[in-house]
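User: Hi! I've just opened this one and would like a hand reading it. Could we go through it bit by bit?

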Amino acid sequence: MSKFHRQTYVLIALAVCATFAVGVVMAAKPPFEDLRTQQPISGDAAAGAGKAATCVACHGENGIAIAPTFPNLAGQSATYLYVQLREFKDGARVNAVMQPLVAGLSDEDMRDLAAHFASLPGKPAAAVQQVSSRGYTLYHDGDPHAGVPPCQGCHGADGRGPQPYPASNAPHPAWSTFPALAGQDESYVLAQLKAYHDATRADNSNDEVMQGVAQNLSDADMQALAGYISSL
Amino acid sequence: MRNRIVASLVVAVAACLTGTLALADSSDSARVGDIQYGNSLDPTGWAPLLWPADPRGFSWLHAGMLRTPSGVLYPYPPRREAGSPLQKDSDWVWSGWLQLGYLHVGGDRNAEFFRQYSGWKTGMVLGLFAFEADNPKTGQYVEFRGSRLSGDDQYYRMRGGQYGKYKIEAFWRDIPHTVATDAYPLWNGIGSENLTVPAPLVAGGSTPAEVAAVEKGRPRQTIGLDRRRAGLSYEGTLYHDWIGYVSVVNEKRDGDRLWGGTMFFNYPFKNNGGVLETVRPIDFTTTDINMGLRDVGAVWQFQLNYTGSFFRNHRRELNYQSPFSLYNVVGVPQVANIYQGQFSLEPDNDYHNLSAELSRSLKWNGHLSMKAAWGTMRQNDQLLAPVTCTGTGGIFIAPPANFTFNCADWNTTAALSQQTANARIDTGLFDIKAVFHPTPKFGWHAGLRWYREDNKTNYLAWNPLTGQYGYISENGSQGSVVPGETGIFDPRNPLYWSYVVQVRAIPFGYTDTIFDAGINWRIGESNTLNATYSFDRDQPKYRERKLLNEQRIKLQWVDRALGKATLRFSYEFAYRDGGPYNYDPYEPFYSIALPGFVTPPIGTAAFTTDAMRKYDMSNRIEHKFRGIVIYPIGDTATLSGVVYGTHDDYAGSGEVGRQATRNYGFSLSWNWQPAPATNLSANLGRDDSRLQFTNVADFEALVGQAGQDNPALGGPLYPLANQWAEKNSERDWNAGLTFNHSFSERTSLDLSYTYTYALGKLGYVYASPTAISGTQQPYVATIGTGFPDNHYHINTLQLGLNVAFTHRVGMRVFDTFQTGSFFDWHYLGLQNGLVIDHKIYTDLGPQPHYSANVVGVMLNVKL
């Protein structure tokens, strides 16, 4: 063995020893839900109606909220509602009001409640929609220069949820986890957009998508968008 | 509506991509320098920056890893961490990396192939220093990257700008290019323009034994050069959609390389003249300028562009001395001892090209684009005198056979018809293309391209001091060996009025017009057919043909119906013919076309046989095919294969020249990424090429005799018995294996192995021994049917281990081991001495066997 080969092997051996002398520590990860593999859920809507007594206090008897700061649940995607309940329960989504209320719900309860509110007719569209507004443009066309994609791609042109392609070999997003926006109140939508913009709502993979969208929205754009969405 | 959803998703996916783009280099209109920055230590230029693979995958919209539309797996993106605020309450965030370490280079560290483009050196190295800062609110950014292996192998690059507004880039880079590591140049003055023989040798007066003795004592040297590139560019929005860009790149090449040097006629006449392998200086500067303006509107698009390239050679000439003497072959007393040689080195060159492009969107999902360009290349250096000799050159036999010349009549620029080159080539281009896709399933396109290269150079080799035409060949040495072969024509002197010598530069040029049209048609959801027809009409000037026509049909089929696989097949057929073939179109540029030329009673010697067909002017039938298969295996692997071939037939029956070329090959590759932390890939490829060539040797004894003007194959000058054929083939193999695995977020291993093999065969047959040059007749019995096979192979194994001690501090230890072997018959016998008769060689060639090793320990710090 030549001298340089010996030097080489000695150096490599030292390096290998140093490598395995180092401990391996994996950092703990924050609660986070990956919704990309979430399948559409099913539940007993009738049973859910019987379990909704607490919910209707804020979200209304017919799923239409009693105050603009609360979301309307009527006509919402059942899977979206179920995921939100599950995240409140496991702590991925933090809300001081909701978390105590869902603490006692079983998985079946959450499915039934989701199915119940999804089965209710959504809030009718406003009589006048802001067709030529900045909010309309952002919702339907986005703003490529600002890096804002159009909302309708995932939430539907009428705001009542995504309208995906028929089945194909191409990979599909978990469409059922994308919420309908139509009928939500302006102040609620604005609050959610700000939460995405400020990254305070970052509980699951869909929130990561929304952060990518909202981070390029100005305050005025968020206001305009919330106003338009509330008219859908 | 569907289109809107798809467009929205595309934008959303783009918005959600994790930060791989920050690492990528891309090319655009204002790019300066090299597309890829890297060196032998890290060819990618960014390996230390790579974060662990992100197990969350490629997109927040889809689970698992995505594939390209063809089915190839995207790699897992790096899990990039946010930078640190530059200052308290600042919107700027920054990141920095430093890789610093020690390399030990061992084994055959000077092996030519090991060092060819690498500045490996034992000692401290800067693997990488990188800094980047950006302001997410304003889109402003600045980044720096640099690496230094050695003084001639380093790069530094800085970029900055504001996204969507402007960007600036500056770089500086050194790349070594080793030509030979075992050179033993005989001459003093290597690297200069003047090579002189060392004492005790005497220029023009030494014997081969004396030269060989001195040569043995010459020190070993490395011959090579350094490429130093620097550049600066700017691109930015000037007004609305108008974008302007400008870049300037300067490359300085400095060093030396192996070169030639002749003192004529050693091969036919032993112990005469010289065949010398010299060393010439390289001192070039090339400055490239690219600037333009473009507007990308929704309907109209426009671009105006200027490209300029300015080559400067800071060395005009190479003067060298031959240690050997000359003697004339007619046995009369030698009047000239020519031992000085001179090369005129490359002239300065200016290149300008101005182009304008205009395109417009049309109905039927169509697009019309037009481009017009004008360019010019000019050289106008001061010319060198035809010779450097002094005294008298040539041969004096007996009156009136006086073939001598006065060097003083030729060794000044007064002997030239013009003092500067005044060389110029202009080019023009017009290109128009229309593309339409009236339905998603059907599209068509058509285009017309016209290009002209107009050579305006018109140099006449005429000596106003003597009234003679031509150029003294090889500094007068040829005419000092063979009477009359001085290289000149003189219509007033019977000794020279029948000599055929070149007297004008040949202004080669051409006009090329190409029409093409095609359709693409999608059949069902899984099959696409493309068909294209093109007609290429080439009109060369001063070539064997004045017109060449080539028709080409190309068919392509893409199929996605076979499971998840993507299959692509293409086939091309082309047929080229043209106008009448003139085997000697160059007469207007030779003395034969000048007034006063006297055709000898036996005629002038044929330029070549009329059966010769040059490969770029002959008829040709071409078949090409290519098949590509990409087959996804499960969700984690991809198998792909390529097979291709090109089959060309050239000259017809009874014609000589290139007969045929063949090229076939395949490649297979397999990639497997079962988890974010593991990636394994393997590849194998082979390429076979073959060239067949035939020619006929002239009957040397007939030159100067009746019949020398007969160009017919089978005639007295080119008898069928003198035909020969050559078959040249090369087979290349390449294989590779790479493996990367992260044991944890702190420990990862990488392994790579590459193998390259080339085998070259050169065989020949001949109709009879008379096909072999007369000077080689004594060796006919040993010539056989081919040269020994050449071969070349290199194995490279690299093993690397990365360990992070803390979040910021880590270490990389690696070893690169390379072994190779080489054989080339051109170098046979040189190990016994670089001086053979009057032939002097300078280098021994690449090492027949070598093994070299680089081991390194690098400290990685995230700043």
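**Loops, helices and sheets**

User: Is B:Asn475 buried or exposed?

Analyst: B:Asn475 is buried, with 27 other C-beta atoms within 10 Å. Buried here stands for 20 or more such neighbours within 10 Å, exposed for 12 or fewer and partly exposed for anything in between, with the C-beta atoms placed from the backbone. Before we go on: this is a predicted model, where local features need pLDDT of at least 70, side-chain atom pairs count only at pLDDT 80 or more, and totals for chains, interfaces and linings use all residues. Residues are numbered from 1 along each chain as its sequence is written, while chains are lettered from A and ligands numbered from 1 in the order in which they are written.

User: Got it. Where is B:Asn475 found?

Analyst: In the loop between β24 and β25 of chain B. Names like these belong to DSSP runs numbered from the N terminus: helices are H or I with at least four residues, strands are E with at least two. B:Asn475 also has a positive phi of about 60°, although it is not a glycine. Most residues other than glycine have a negative phi.

User: What about A:Ala199, what is its phi?

Analyst: A:Ala199 has a positive phi of about 60° too, and it is not a glycine. A:Ala199 counts as partly exposed because it has 13 C-beta neighbours inside 10 Å. Its place is in the loop between α9 and α10 of chain A.

User: And how do those two helices sit, at what angle do α9(A) and α10(A) cross?

Analyst: The axes of α9 (residues 186-197) and α10 (residues 205-214) of chain A cross at roughly 90° and come within 8 Å. That is why α9(A) counts as roughly perpendicular to α10(A). On the α9(A) side the contact is made by A:Leu193, A:Tyr196 and A:His197, and on the α10(A) side by A:Asp207, A:Met210, A:Gln211 and A:Ala214. By class, that gives 4 nonpolar, 2 polar and 1 charged residues.

User: Some of those words need cut-offs, please!

Analyst: Axes are lines fitted to C-alpha atoms, for helices over the stretch in contact, and angles run from 0 to 180 degrees between N-to-C directions. Under 35 degrees is roughly parallel, over 145 roughly antiparallel, 65 to 115 roughly perpendicular and the rest oblique. Contact asks for C-beta atoms, placed from the backbone, within 7 Å. Ala, Val, Leu, Ile, Met, Phe, Trp, Tyr, Cys and Pro count as nonpolar, Asp, Glu, Lys and Arg as charged, and the others, Gly among them, as polar.

User: At what angle do α7(A) and α11(A) pack?

Analyst: About 85°, with the axes of α7(A) and α11(A) 7 Å apart. The two helices are therefore roughly perpendicular to each other. Among the residues in contact are A:Tyr136 and A:Leu138 of α7(A) and A:Leu225 and A:Tyr228 of α11(A). The contact of α7(A) with α11(A) divides into 7 nonpolar, 2 polar and 2 charged residues.

User: How many residues are in the largest nonpolar core?

Analyst: It has 49 residues, and those with the most contacts inside it are A:Leu81, A:Ala114, A:Leu193 and A:Leu225. The elements giving two or more residues are α4 (78-90), α6 (107-119), α7 (134-141), α9, α10 and α11 (219-230) of chain A. The largest share, 7 residues, comes from α4(A). A nonpolar core is a set of buried Ala, Val, Leu, Ile, Met, Phe, Trp, Tyr and Cys residues joined through C-beta atoms within 7 Å.

User: Switching to strands: in what order do β23, β24 and β25 of chain B lie?

Analyst: The order is β23-β24-β25, in an open sheet with antiparallel pairing. Two strands pair if DSSP finds at least two bridges between them. The edge strands, β23 (462-463) and β25 (488-489) of chain B, each pair on one side only. Strand β24 (residues 468-470) of chain B pairs with β25(B) over 2 bridges, and B:Gly470 has B:Ile488 as its bridge partner in β25(B).

User: Last one: which peptide bonds are cis?

Analyst: One is the bond from B:Ala199 to B:Pro200, with omega near 10°, and another runs from B:Pro399 to B:Pro400, with omega near 0°. B:Pro200 lies in the loop between β7 (194-195) and α3 (208-216) of chain B, and B:Pro400 in the loop between β18 (396-398) and β19 (401-402) of chain B.

Technical notes. Two residues are in contact if their C-beta atoms, placed from the backbone, lie within 7 Å.
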